[in-house]
Amino acid sequence: MNHLKKSSSLWQDSLKRLKKNNASVISFYFIVFICLIAIFAPLLSPFAFDKQHIDFILSSPNQNGFLFGTDSLGRDLLSRIIYGSRMSMAVGIITALISMLVGTVYGGVSGWIGGRVDAFMMRVVDILISIPSLVLLILVKVVFDSVSLFEDPELKALTGMLLALSVVGWVTLARIVRGQVLQVKSLTYIEASKALGIPSYLILLKHILPNILGPIIVLLTFQIPSNILTESFLSFIGLGLQPPYSSWGVLAADGWRSMRHYPHLIIFPSIALGVTMLAFNLFGDGLRDALDPKS
Amino acid sequence: MLKKILSKSTHVFSFFLLVLGFWAICLNLSNYYVPKLLSYGIFLSLILAFLSYSASSGTVFYCFKRIIEAFITIFVIATCTFMLLRLMPGGPFDEEKALPPKIKAKIEAKYGLDKPLAVQYFDYLKKAAVFDLGTSYKYIGRSVGEMILQNFSVSFTLGFYAFLLSFLIGIPTGLFAASKHNTFWDNFAMTLSISGVALPNFLVGSVLIVVFAYQLDWFPSALWDSSLHYVLPVVTLGIRPAAFIARLTRSTVLDVIKSDFIRTAKAKGLSPLAILYKHVLKNSMIPVLTYSGPLLAGILSGSFVIEILFAVPGIGKDLVQSVTNRDYPLILGLTLLYSVLLVISNLLVDFLYSFFDPRIRLGV
Amino acid sequence: MLSFKNFLILLFICLTFLLNACVKKDTSGDFGLPKSKTLRMRLSGEPPTIDWHKSSDTASSLITSNIMEGLIVFNYTGDEVSLAPALAESWESLESAKKWVFKIKKGVTWSDGEPFEPKHIVDGWERLLNPETASPYSYFLYSIKNAKEYSEGKIKDFSKVGIELQGHTLTVSLKQPQDFPSLLTHSSTFPVRKDVVEKYKDKWTEPENIVTLGPFKLTKWIHDQAMVLKKNTGYFGIQSRTENIVFYIIQEAQTAINLFEMGKIDVIRDLPPKDLPALRKLKEFYTYPNLNIYYYGFNTEVAPTDNKFFRRALVHAVDRQQIIKILGGDQKLLTGWIPHGMFAYNPNVGLAYDPVRAKAYLKKLGYSSKNPPPKVELSFNALEAHKVIAENIQAQLKENLGITVELKSEEWKVYLETLKVRPANLYRMGWVADYPDPSNFFDIMLSYGENNRTKWKNLEYDRFVEQASGLVSNKGKRLELYNKAHQILVSDEVPVFPIFTNVAQHLISSRVISFPTNVMREFRLKNTSLQ
């Protein structure tokens, strides 16, 4: 009981520290703002994201009533960016959560059991890391794009991407979590709980998890932007989301070729992408500083 | 006594090799065609340097063990990749204009694809054991080993400079930001380096092309030819790791500065520069090193985006294209190359650990 | 601690290192060749091989058609395509096109100085058909007696194949009447120096080994970077007007366009659709028709596209003009199966845009607002141009018929695999003419055609097409048969949905004179010159 109280105050301290960091606070509100946009995209966007205005192909910004202009099919770019936030955030957050879940369980089990099991499990991770992630990404994306697991069209369009990114993402997390578990495991009070005969799962949940939660959350905030970037890379090589859905990555990959002739197609998506990346990274930095008891 | 001298001389020797490596890099910068072999020379000399270092510090057995382990890992990777590739739908000889089935069967038989998978696998292993990686399915008649060697030299050089660049920019920036902790300059440097990772590199690269190649015509953007062609791709490739290293350096330096021995050093009256190089830098290198192992392997094995944007004949592009072509021997060859690179660079990092932090002992 | 001065020192070290890289300016581009005598073109990818018996792609054929020559070449006058002699002086048909006799030219030499002999042609054909070669194009000569049997290994003796050589006269016996000479323009039928191939094996196509007889010689091939051709002074025809050609291998079109606008390359042959609206305004922009079709196929075995009225409704509901507008407007609208400028082209066949009739069809099938039509799956391979078209079709079908279209973008090889196994209701495909004859297009949809992925089988159609391809001399009757087949294919049964004929869109610098622009996309550059 005593221990739980102490740990909660640790969290409160961290929160206090985080609040002092202006950049992080602003970033946090920005992320919340983007998330709200993503959730309420249908209400916010002036047009349907796939509505084609064939008579107004490639309008410049603020022309023909399109604030950000239109693309080569005459679709409103602003609406596509707003809807894009939905897909990008979904890709970033869901994959980060999946890889975190898998990585934590795998790394946790490996670190907790230790010995030969640990050695074997880590060898598997080593091998997965040594296969070029690109090959894995393409492979999983390609295989699961042709499999429909969901009925919902938006989720259907996302399936391949989510799985591909998760398969690549969980490995590094597993490694780090294992390292953390190993460190915490050797602490005396864990040894003491073991000696008292408390079941392993309780120790894991009550003592180890709270101790390694900080680093995991920090990793999570860094995993999200890196997922969003990887998604844009996959779009670049032509393995993006299923059309007509678009994410910021898809928009950027579609638009970069028009950089010189139709700059609006690339400027607006890049701003959305770049600022969000910045926000996640700043927030992650702040969070790390706040959670690090050394500082 | 003898042992001490020996150890000293191998240190000198490895230092000499390092210098040789850097000299080769400088030479490499001035002309592209001469030092194709030299790029391998650099790598080889670096490996030799560390091997001799390891010999002097008595870790030969450890080295041996690591190499055996590496071979097993690489074997498992080859097996996994071989099987995974066959799971991918579509074969190497599916084309838009479908071939008559009999002709397709004939072509597949020529490459042994009609045999059972197990037979194909053992055939591949047998050949790979003597460094014969087979011939490409797409680029008819070209041996995979040759193709990889040719394009790897370009990717390698490009990656090596980018790696160097990211250290040369990342570490000073990180140090600078740390020394100005919590000031405008700190925030400025850090925001700048976060911006470095904020945009996908195909955007960064194409902006650089439009500005420096198209508008200003300072640097060429394609038609791979002279040393000048390295500038834009190296910068594009190096920005992201540089930004990452800067952040990593800053945070570890901030940790190190607080530690007791720095305070002692200050109290001793050492000059700030001496403290910086003798103590701070050396002690903050461990996290950077950990990061640089996979980075080195990743960066040397080429980047698809950069090679496409700048029309660079490298293996990053080959990897993606071999996958889309289902050119099995080429994919396997490139995967093996990557894992070998990863193993080597992780080995290098391990040796460097003990160099930077004598408390870390190899093989313990 | 670290002072600002120290930071500057460190930064300075970094910068000198960087600058070191920039000191030495390179002296010569284009491999030291003078710009005034060098045509610089972009190749969009490394040619898989220039062995003309094994290649099957456009990059390779661009090279081989400039370094080699066959018996016969195409001659283009306006839209007309005719045959002209090359290594064959003349030819005639016997037994109503079942037998062909070619007179072979004398006094031709290979690039290594050896004289060209008629047996090199037979050698070439033997190599093409030989099962050992495993050529993707070996079926090109299957119309020759016993050729197929030899190629499949049923006959081991090549002398039994219907090819006979006497002095400089080559006689070819066919299984059935066919316009055989037009096949001989294809690079797979070119002669070959067997001794060279046997000597160097897989390496015989490298510049230091290869022996050719065309207007150019391959002098350099830096894989993945560039290929250099030089004028062949020993060429038997009219000498080339260009001294050198450099082909730069640049995959990314945007990179190539930048180089073009900076004057570093002279010709880009294919342009990305995204850029067209802007590039069309340039004076260096050229466009001309090609013999090809862009179409969607229906899977005729899967509901709802197993019903021909449903298929007709879908075709009627799409305004092709809208798609063409999105693509820049150069493409030619196509309702039939045969592209513009080819024999049997018929603008009046097929289903035009008619949403009213489309709705009527759906009503007839019992669909209404209460019983909405089922959703349709549409697949295409992940490429920018295809994606734009697919998205537009999706929007049009939604708007005109209220049909929900589910798009499926697949990676190229996966796409081909699914087409083999189970194609979507609608799938994207295209066809580029191998030779300028309608049979090349009608053969696709034969019930046993490898490229008929619709699973549609119609014996009547098969009969018309088979009959027509044998009628080499009777054009009137042939046209009649093709019209009947056309009617079945695109008006009645509608297993396919032709959309447009694509055009070639090039950027050609003003210093290039008479760059070849022909319907077959052949780029024989010997007549091209530089200002």
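Between chain B and chain C, 19 residue pairs are in polar contact, both members of each pair having a pLDDT of 80 or more. The model is a predicted one, and the values reported here were computed from its atoms. Eight helices of chain B each supply at least two residues of the side that touches chain C, namely α1 (2-30), α4 (101-110), α6 (144-179), α8 (201-215), α9 (231-257), α11 (272-300), α12 (304-309) and α13 (315-325). The helix that gives the most to this side is α6(B), with twelve residues. Sorted by class, the side of chain B that touches chain C holds 42 nonpolar, 15 polar and 18 charged residues.

The contact between these two chains involves 75 residues of chain B and 67 residues of chain C. The area buried between chain B and chain C is about 6,300 Å², and carbon and sulfur atoms account for 61% of it. On the chain B side, the residues that lose the most area to chain C are E96(B), K97(B) and L223(B), which together make up 11% of what that side buries. Ten salt bridges are found across the interface of chain B and chain C. One pair that forms a salt bridge is E46(C) with R142(B), where the closest N and O atoms are 3.1 Å apart.

The interface of chain A with chain C was examined in the same terms. Here 27 residues from chain A are in contact with 30 residues from chain C. Chain A and chain C bury about 2,600 Å² between them, with 50% of this area coming from carbon and sulfur atoms. P243(A), R257(A) and R260(A) supply 22% of the area that chain A buries against chain C, more than any other three residues.

Seven salt bridges cross the interface of chain A and chain C. In one of the salt bridges, the side chain of D55(A) meets that of K325(C), with an N to O distance of 3.7 Å. Eleven residue pairs are in polar contact between chain A and chain C, both residues being at pLDDT 80 or more. Two helices of chain A, α6 (133-145) and α10 (248-255), each supply at least two residues of the side that touches chain C. By class, that side of chain A has eleven nonpolar, seven polar and nine charged residues.

Helix α10(A) is mostly covered, eight of its eight residues being buried. These buried residues are W248(A), G249(A), V250(A), L251(A), A252(A), A253(A), D254(A) and G255(A). Within chain A, the buried residues of α10(A) pack against α2 (22-39), α4 (77-113), α9 (200-236) and α11 (264-291). They also pack against α8 of chain B and α11 of chain C.

On the chain C side, K387(C) is located in helix α11, which covers residues 384-401. K387(C) has a relative accessibility of 15% and therefore counts as buried, the cut-off being under 20%. Residues up to four places away in sequence aside, K387(C) touches P243(A), V250(A), D254(A) and F380(C). The side chain of K387(C) also makes a polar contact of 3.1 Å with the side chain of D254(A). D254(A) is in turn among the buried residues of α10(A), and P243(A) is one of the three residues that supply 22% of the area chain A buries against chain C.

The chains were also described individually. Chain A contains eleven helices and zero strands. The C-alpha atoms of chain A occupy a box of roughly 75 × 45 × 35 Å along the principal axes. Of the 295 residues in chain A, 54% are buried. When contacts in chain A between residues at least 6 apart in sequence are considered, 71% join residues at least 24 apart.

Chain C has 15 helices and 21 strands. The radius of gyration of chain C is 27 Å, close to the 24 Å given by the globule rule for 531 residues, so chain C is as compact as a globular protein of that length. The C-alpha trace of chain C spans about 90 × 75 × 40 Å along its principal axes. Buried residues account for 59% of the 531 residues of chain C. Among contacts in chain C between residues at least 6 apart in sequence, 68% link residues at least 24 apart.

Methods. Residues numbered from 1 in each chain as written. Chains lettered and ligands numbered in written order. Predicted model: local features only at pLDDT ≥ 70, side-chain atom pairs only at ≥ 80, totals over all residues. Heavy atoms only, no water. Contact = heavy atoms within 4.5 Å. Buried area = accessible area lost by both parts, 1.4 Å probe. Salt bridge = Lys/Arg side-chain N within 4 Å of Asp/Glu carboxyl O. Polar contact = N/O pair within 3.5 Å; in protein donor to acceptor, adjacent residues only side chain to side chain. Helix = DSSP H or I, 4+ residues; strand = E, 2+ residues; numbered from the N terminus. Nonpolar A, V, L, I, M, F, W, Y, C, P; charged D, E, K, R; others polar. Rg over C-alpha atoms; globule rule 2.2 N^0.38 Å. Buried < 20%, exposed > 50% of the residue type's maximum accessible area, 1.4 Å probe, protein only.
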